[in-house]
Amino acid sequence: MNVYTLLVEVGRAKNDGLPDGATGAALICYAAGKDEAEAVRETVAILKQADLAPLDVTGYGSLDERLAEGHEIDDEERALMQRALDENSVIIAQMQPFFKGCAGASDDDATLH
């Protein structure tokens, strides 16, 4: 079993808990799985149960794969990965809402705020 780092983009859904005015969000997740495909499936299923609307998932690989690619992984991130592994779970480490019309963005752009 490994832990995979995933970036999940979500859209809006009823009762999703995102801030008023947000058009969606980006979530950094650490998910345990026998392979990355299983980690993605589990993450999407859990996010749907939480009334979120997953639109896209980008996988960044396991801890070993990320280290081999030269990623710097701090102690806090390693602790969250270990927790996901120990609990055989999905940990949402960060959520960044998207908003329309933030500084420098056109009204058609959804940007990080």
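Trainee: What should I know before I start?

Mentor: This model is predicted: local features need pLDDT of at least 70, side-chain atom pairs count only at pLDDT 80 or more, and totals for chains, interfaces and linings use all residues. Residues are numbered from 1 along each chain as its sequence is written, and side-chain values use heavy atoms, with hydrogens and water left out.

Trainee: Let us begin with strands. With which strands does E1 pair?

Mentor: Learn the terms. Helices (H or I, at least four residues) and strands (E, at least two) are DSSP runs, numbered from the N terminus. Two strands pair if DSSP finds at least two bridges between them. Here E1 pairs with strand E2 (residues 22-33) in the antiparallel sense, over nine bridges. E1 also pairs with E3 in the antiparallel sense, over seven bridges. Val3 stands opposite Ala32 in E2. Tyr4 has Ser62 in E3 as its bridge partner.

Trainee: Where do side chains point in a strand?

Mentor: In a regular strand they alternate between the two faces of the sheet.

Trainee: How many residues of strand E1 are buried?

Mentor: Buried means under 20% relative accessible area, exposed over 50%, and partly exposed in between (1.4 Å probe, protein chains only). Strand E1 covers residues 2-11, and seven of its 10 residues are buried, so E1 is largely enclosed by the rest of the structure.

Trainee: Now a single residue. Is Thr43 buried or exposed?

Mentor: Thr43 counts as buried because its relative accessibility is 0%. Find Thr43 in helix H1 (residues 36-49). Then list its neighbours. Contact means heavy atoms within 4.5 Å. Not counting residues up to four places away in sequence, Thr43 touches Leu6, Val8, Cys29, Ala31 and Val90.

Trainee: Which backbone oxygen lies 2.8 Å from a polar atom of the Thr43 side chain?

Mentor: That of Ala39. A polar contact is a pair of N or O atoms within 3.5 Å; within protein, one must be able to donate a hydrogen and the other to accept it, and residues adjacent in sequence count only if both atoms are side-chain atoms.

Trainee: How many salt bridges are there?

Mentor: First, the idea. Side chains of opposite charge can pair when their charged atoms come close. The rule asks for a side-chain nitrogen of Lys or Arg within 4 Å of a carboxyl oxygen of Asp or Glu. By this rule the count is three.

Trainee: Where are they?

Mentor: One joins Glu77 and Arg66, with the closest N and O atoms 2.7 Å apart. This pair links distant parts of the chain: Glu77 is in helix H3 and Arg66 in helix H2 (residues 63-68), 11 residues apart. Both Glu77 and Arg66 are buried. Another joins Asp16 and Arg12, at 2.8 Å between the closest N and O atoms. Asp16 is buried at 8% relative accessibility, while Arg12 is partly exposed at 38%. Glu87 and Arg83 also meet in a salt bridge, at 3.2 Å from N to O. Both lie in helix H3, four residues apart, about one turn of the helix.

Trainee: What about backbone angles?

Mentor: Most residues other than glycine have a negative phi. Asp51 is not a glycine, yet its phi is positive, about 65°. Asp51 sits in the loop between H1 and strand E3 (53-62) and is partly exposed, at 37%. Asn88 is not a glycine either, and its phi is positive, about 45°. Asn88 lies in the loop between helix H3 (75-87) and strand E4 (90-100). With a relative accessible area of 52%, Asn88 is exposed.
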